[in-house]
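Please have the sequence and the three-dimensional view side by side while reading. The paragraphs below go from helix packing to sheets, then to cores and a few single residues.

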Amino acid sequence: MTSTTTRRDAVRDAALSGIPTALADLGSLVRIPSVAFPGFDHAEVRRSAEAVAALARETGVFDDVRIVDAAVPDTTERGMPAVLATRAAAPGRPTILLYAHHDVQPVGDEALWDSPPFEPTVRDGRLYGRGAADDKAGVMAHIAAVRALRDAAGDDLGLGIALFIEGEEEAGSRSFAQFLSDNAETLRADVIVVADSGNWDARTPALTVSLRGNVRFTLTVRTLEHASHSGMFGGAVPDAMLATIRLLSTLWDADGAVAVEGLARRDAATPEYTEETLRDEAGLLDGVSPIGSGTILSRIWNQPSVTVTGIDAPSVKNASNTLSPEVSVVVSARIAPGQSAPEAYDALRAHLERHAPFGARLDFGDVDLGDGFLVDTSGWAVESVRAAFAEGYGVDPVDLGVGGSIPFIADLVREFPTAQILVTGVEDPHARAHAPNESLHLDTFRNAVVSEALLLEELDRRVS
């Protein structure tokens, strides 16, 4: 048995033996309601950052651990607290940047949760709680992997490590680009691991190689100077609700596919994925058909989608016989990898303005844009992480496209153009991130920790 094999076995053993502690620490993080959205108690976000910083310090690996609030560009505000922990690489050794985020989504309607959202609860091999999967499990995967490497390598640890745990990813990463600019030299790395994606299923690991971009904006439709009686004027006067319904319906064709000229589609092969699997993972009701055309995964990974995610209009409870003068909706579009978000926004806006019915007046606001991402799979780090996945999970990994977006990756690419970016994660298709009853599959977490520890071990032996 070689010394390399011995140390690699030691890393695996240390990672496995550290899982109970890692899960206990994860439970402690889940108990902190670190919602960075406006209107929530941001003291809890700082408490979460302090807890993460304490975990980083307790590893004994990092030379410097601090909590940083970056400026929000074009405002007088500061961003939510992030944790930055660093250790310098030994001469000739690489540096790896480990990213995750400690803020979480709001819980929504607590009545829809089977257990309290901020009380970690284990049921049927899963840990339930807000942030249990997205992304406090990503935080703990990094911490646990660093602990395992520390225990196995001891004084021989030469890998440079930067740990960046963001505090406002769910709220839009408003200070992210400024944070990167302010800390560019500290964060500069050969390899970047973004632990905020998912896997093929609970036992099959995946490397995310493509992400759709995002375009989000508020559209306000106006047709009247003031509300009017629907009996007195209905049938002659177009109210804003009618105009909004007619306008939004032009965004899709009869099959539910996006029908906006100028939104691109990417041509790329996708793995086999059945309608039965889609129904199971998405919760599609019996009798409700999927939408779009092409293979199911091409619709999710490589084609655009448009969703209306919110609406301001009279509620059912407060409905009266009134013609509404204006209606506002939030339009959220996912953009095929390879198309720029500004180009896609221009296409959407032009389409809506061109199709506005009855001369309705349109206003656009709260625009949020994020470019998609395509991984260069030719780098040595991609092969290293694939090998670590295969060893850690005992199953060969798959290359995964993701229909969601991680817009800040474009900032990483711009700031660190020579770094190899690996997008990984601990979620499986039943994690229900952002939804009630979010959960983490415990076996997936264990395998993810082992895999990342093995990746760190290999990089620690790499000499330039």
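The model is predicted, and local features need pLDDT of at least 70, while side-chain atom pairs count only at pLDDT 80 or more and totals for chains, interfaces and linings use all residues. Residues are numbered from 1 along each chain as its sequence is written, and side-chain values use heavy atoms, with hydrogens and water left out. Helices (H or I, at least four residues) and strands (E, at least two) are DSSP runs numbered from the N terminus.

Two packed helices are described by the angle between their axes and the distance between the axes. For H2 and H14 the angle is about 115 degrees and the axes are 11 Å apart, where axes are lines fitted to C-alpha atoms, for helices over the stretch in contact, and angles run from 0 to 180 degrees between N-to-C directions. On the H2 side, Ile 19, Ala 22 and Leu 23 meet Leu 442, Phe 445, Arg 446 and Val 449 of H14, contact meaning heavy atoms within 4.5 Å. The residues of this contact of H2 with H14 divide into 6 nonpolar, no polar and 1 charged, with Ala, Val, Leu, Ile, Met, Phe, Trp, Tyr, Cys and Pro counted as nonpolar, Asp, Glu, Lys and Arg as charged, and the others, Gly among them, as polar.

Helix H2 (residues 19–30) also meets H4, and the axes of these two helices come within 10 Å and cross at roughly 145 degrees, again in a right-handed crossing. Here Thr 21, Ala 22, Asp 25, Leu 26, Leu 29 and Val 30 in H2 meet Lys 136, Ala 137, Val 139, Met 140, Ala 144 and Arg 147 in H4. The residues of the contact of H2 with H4 divide into 8 nonpolar, 1 polar and 3 charged.

The sheets come next. An open sheet of 3 strands has the order E4-E5-E18, with antiparallel pairing; two strands pair if DSSP finds at least two bridges between them. Strand E4 (121–123) and strand E18 (439–441) each have a single partner strand and stand at the edges, so one side of each is left without a neighbour in the sheet. Strand E5 (residues 126–128) is joined to E18 by 3 bridges, and the bridge partner of Arg 126 in E18 is His 441. Helix H14 (residues 442–461) packs on this sheet, touching E4, E5 and E18, and its direction makes about 65 degrees with that of E18.

Another open sheet has 4 strands in the order E11-E13-E9-E14, and its pairing is antiparallel. Strand E11 (305–312) and strand E14 (361–370) are at the edges, each with a single partner strand, so one side of each lacks a neighbour in the sheet. The twist averages 20 degrees from one strand to the next. Between strand E9 (residues 213–222) and strand E13 (residues 326–335) there are 10 bridges, and Thr 218 stands opposite Val 330 in E13. Helix H11 (residues 341–355) packs on the sheet and touches E9, E11, E13 and E14.

In soluble globular proteins, nonpolar side chains tend to be buried together. The largest nonpolar core here has 97 residues, and those with the most contacts inside it include Phe 62, Phe 164 and Phe 445; such a core is a set of buried Ala, Val, Leu, Ile, Met, Phe, Trp, Tyr and Cys residues joined through side-chain atoms within 4.5 Å. Helix H4 (residues 136–153) gives the most to this core, with 11 residues. Apart from it lies another core, of 27 residues, among them Leu 219, Val 306, Val 327 and Leu 348.

Some single residues complete the tour. Ala 56, found in helix H3 (residues 42–58), is buried with a relative accessible area of 0%, where buried means under 20%, exposed over 50% and partly exposed in between, for a 1.4 Å probe and protein chains only. By contrast, Asp 74 counts as exposed at 83% relative accessibility, and its phi is near 65 degrees, a positive value in a residue other than glycine. A cis peptide bond joins Asp 134 and Asp 135, with omega about 5 degrees, and Asp 135 has its place in the loop between E5 and H4.

Terms used:
A crossing is left-handed if the near helix is turned anticlockwise from the far one by less than a right angle, and right-handed if clockwise.
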